Amino acid sequence: MSQSVLGREYSSENLSNRMMNFVQFLRELGLIYMRKRRDGRFYPTNLAVSYMKGSQASVALGNHRDISKYFLENKRNKDGFIVVESNFRVYAYTDSDLHAALIAMFSVISYRFPGCICCVITRESIRESLLMGISADKILHYLLSHLHPQAGNAFPPTVIDQLYLWEMETGKMTFKEGVLYSNFLSHSQFEFLHEFASSLPSQSSSSSENPSEESSVKGGVLYANASRRMMVVDETSHEPVKKHWKANKSRFES
């Protein structure tokens, strides 16, 4: 391994069963890449080459975040124990139950050996951590703050970008509590109540199904559709709107 070259293919066809078992062990540790055991070839990873040769890779930057501050000499954690691979595997060289529990909050632990925890970051594990209030920034801050000294300045930019992409997925839909008003007998009833609800203080950002109707969505109104005579008001506005309708509905009775 000390004479291996990053990216070069090495044959495993002439290796004994004992050596093949050792190769599989290195594969689980992320030191070599082998797609399948029967392929008959493997490749040393950047992690293996960095460990064996002590090479210092250049600082890897994500497209949207600057992580160079973590690689300043006076900022590096000399007791770091985490190595992150571009295949989303994380290796924590520690026996601490606390760190094992922290890592398990955003990854799936595959193996745990004495002094080494092997885990993988998945979309599902990140979604669960986001539901617990752990942001992508916090996850990256933990990983980078505990980066192993022998990992050099290498941190996979694909991992950084993917964490933020997974975090952005959770922002595609937002849920707001509201009350639906519908089944108005006339358009004048709808306009009367809609005008009052729109004059109330806004509690949250509003949205409309049709951009041309944005002017009708304001104040305490979360959603409005004049053609269908329906609207949704936020919880805070519900009681004032209900009282206003009860006090004035007799005007529309004939």
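Visitor: Which residue of β10 does Val221 stand opposite?

Guide: In this predicted model, Val221 stands opposite Val233 of β10.

Visitor: Which other strand pairs with β10 over four bridges?

Guide: Strand β8 (residues 178-181) does, also in the antiparallel sense. Within this pairing, Gly178 has Asp234 as its bridge partner in β10.

Visitor: Why is β10 called largely enclosed?

Guide: Five of the five residues of β10 (residues 230-234) are buried, so the rest of the structure largely encloses this strand. Both faces are covered: Met230, Val232 and Asp234 are buried on one side, and Met231 and Val233 on the other.

Visitor: How many disulfides does the structure hold?

Guide: It holds zero disulfides. Cys116 is in none, as the nearest cysteine sulfur, that of Cys118, is 3.9 Å away; a disulfide requires sulfur atoms within 2.5 Å.

Visitor: Are Cys116 and Cys119 buried or exposed?

Guide: Buried means under 20% relative accessible area. Cys116 has 7% relative accessibility and therefore counts as buried. Cys119, with a relative accessible area of 2%, is buried as well.

Visitor: Which residues have the most contacts inside the largest nonpolar core?

Guide: They are Ile82, Ile121, Ile126, Leu143, Phe155 and Leu163, in a core of 29 residues. Elements that each supply at least two residues of this core include β4 (82-84), β7 (116-120), α4 (123-131) and α6 (157-169). Helix α5 gives the most, with six residues.

Visitor: What is Ile121 in contact with, leaving aside its neighbours within four places in sequence?

Guide: Ile121 is in contact with Phe88, Val90, Phe106, Ser107, Ile126, Leu143, Leu163 and Trp166.

Visitor: Which residues does the second, separate core include?

Guide: Among its 13 residues are Leu31, Ile32, Val83 and Cys116.

Methods. Residues numbered from 1 in each chain as written. Predicted model: local features only at pLDDT ≥ 70, side-chain atom pairs only at ≥ 80, totals over all residues. Heavy atoms only, no water. Buried < 20%, exposed > 50% of the residue type's maximum accessible area, 1.4 Å probe, protein only. Pairing = 2+ DSSP bridges. Core = buried A, V, L, I, M, F, W, Y, C linked by side-chain atoms within 4.5 Å. Contact = heavy atoms within 4.5 Å.
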